[in-house]
Amino acid sequence: WTLFYKVISSSNKIIKGTTIPTTEEEAKAFKEILGEAYFMRGLSYFYLTRLYGDVPLLMENDEITITMPRTAVAEIYDKAIVPSLKTAAEWLPNKGRSNNSTPSKWAAKACLADVYMTMAGWPLNKGTEYYGLAATEAKDIIDNANTAGLKLTTEYSDLWLEANKTQTNEVMFALQHSSKHKIASNYGKSSYPSDYAPNAGWSDYYGDEDFFLSYPEDARKDWNYMTEWPVKSGKKDTDGKDILKTIPYTESADKLPAISKYYNYDEGDPGKSAQANGITCIYRYAEVLLMYAEASTRATNTVSTDALNAIQEVQKRADYPDRGIALTTTTDAATFLTAVSNERGWEFFAEMKRWFELVRLEKVKDVRAEEWDASLFNANHHYYFPVPYQQIDLAGWTNNAGY
């Protein structure tokens, strides 16, 4: 909450405090930087509304008051998110200013496609028209991929290598983490099992076993999971050091597969530190392909050749044909949409995408049926997190239902 509003406040200051020069060349240079501020403002409000629902709408620096009201989600989309991203897409350059840590116009369009897809589903439920808008934005990126320098990285595993994290052919916008510069990730000890040796992890994150077992045996699964690891055997060598043995996850302390997607970094590897380097992708070209596949199908209730090509491009990179896994070829819309949803889950495993898709489609109850009936979300008819209590106390608001 606080950090998103810091980004919004900084963006507003840049936007409102900048006078665009009158000469065309200078104006273009100014707009390219201002486009970043518009992008970050739109992206921040996008996350805030999906996480918290109604939130304060700040578009001017002097609007902030302690008791300012929360603004309806629909109004924030109409006044802040969509206009900000449209301006960003118009003003940003084809290539980001600084590798993938600053946005390009194509990153802005990817975010705008994501926004339209979200507006099509819960809670606004604008439906077919907005899936059509999302498809148009995604298709424009695909059609201009060569000009934009966009294509899938040949090997899925190469996306996560520390040495490659500045690449821009697939990663359109990302957070690049650095322990040295005190902008570390949480991919260190938190991602290692509690019995990992010689450096035990905190086991804050594991893969869900049911999801792991349903995951196709493709190249992504090979990279994304650690299914066996060294543990202490209880014996010492002649120098008094622990003798290690390797065990499968089913025999480990927590009996769950570990998430190894982000293990290739400097600090934190293997399990030495909580402060790790690494990359958190916000938008990748793979997501553009799958957004188009879904949005175009939902908009027309028809599976086009372009939609099939989009999902198959992602599947081929995952080595489907070489491993005997069938490519998606169905033209039945419902079956195809299930295939796209599954592909998104596998492709973006542990990239913090799945929750937003399940909420948009109101399918949380389907994938977590055993917990849904007794959940706060079911009881209160929403999917929002609680607004931080400090903000509630300060502003005198009523929190989201159930909190």
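Predicted model: local features only at pLDDT ≥ 70, side-chain atom pairs only at ≥ 80, totals over all residues.

Student: Show me one. What does Glu 351 pair with?
Tutor: Glu 351 meets the side chain of Arg 284 in a salt bridge, 2.7 Å from N to O. Glu 351 sits in the loop between α11 (333-347) and α12 (354-360), while Arg 284 is in strand β6 (residues 278-284), so the pair ties together parts that are 67 residues apart in sequence.

Student: Are Glu 351 and Arg 284 buried or exposed?
Tutor: Both are buried. Buried means under 20% relative accessible area, exposed means over 50%, and partly exposed is in between, using a 1.4 Å probe and protein chains only.

Student: Which network of salt bridges are they part of?
Tutor: Glu 351 and Arg 284 belong to a linked network whose members also include Glu 170, Asp 218, Arg 220 and Lys 261.

Student: What about Arg 344, which salt bridge does it make?
Tutor: Arg 344 pairs with Glu 357, at 3.3 Å from N to O. That links helix α11, which holds Arg 344, to helix α12, which holds Glu 357, across 13 residues. Arg 344 counts as buried because its relative accessibility is 7%, and Glu 357 counts as buried at 4%.

Student: Which other salt bridge does Glu 357 form?
Tutor: Glu 357 also pairs with Arg 354, with the closest N and O atoms 3.2 Å apart. Those two are three residues apart in helix α12, so they are separated by about one helical turn. As a rule, an α-helix has 3.6 residues a turn, so residues three or four places apart point the same way. Arg 354 is partly exposed, at 28% relative accessibility.

Student: Switching topic: how many aromatic pairs are there?
Tutor: There are 30 aromatic pairs. Rings of Phe, Tyr and Trp (its six-membered ring) pair if their centres lie within 6.5 Å; planes under 30 degrees apart are stacked, over 60 edge-to-face, and the rest tilted. Take Phe 211 and Tyr 215: their centres are 5.9 Å apart and their planes at 90°, so the pair is edge-to-face. Phe 211 is partly exposed at 23% relative accessibility, whereas Tyr 215 is buried at 2%.

Student: And how do Tyr 215 and Tyr 225 pair up?
Tutor: Edge-to-face, with 5.7 Å centre to centre and 85° between the planes. Tyr 215 lies in the loop between α7 (209-214) and α8 (219-224) and Tyr 225 in strand β2 (residues 225-226), so this pair ties together parts that are ten residues apart in sequence. Tyr 225 is buried, and so is Tyr 215.

Student: Now His 382. Where is it?
Tutor: His 382 is in the loop between α15 (376-380) and α16 (389-395). With 6% relative accessibility, His 382 counts as buried.

Student: What does His 382 touch?
Tutor: If you leave aside neighbours within four places in sequence, the contacts of His 382 (heavy atoms within 4.5 Å) include Trp 122, Leu 376, Phe 377 and Asn 400. Trp 122 and Phe 377 also belong to one aromatic cluster, along with Trp 355, Trp 372, Tyr 383, Tyr 384 and Phe 385.

Student: Last one: is helix α4 mostly covered or uncovered?
Tutor: Mostly covered, with 15 of its 16 residues buried.

Terms used. Residues numbered from 1 in each chain as written. Heavy atoms only, no water. Helix = DSSP H or I, 4+ residues; strand = E, 2+ residues; numbered from the N terminus. Salt bridge = Lys/Arg side-chain N within 4 Å of Asp/Glu carboxyl O.
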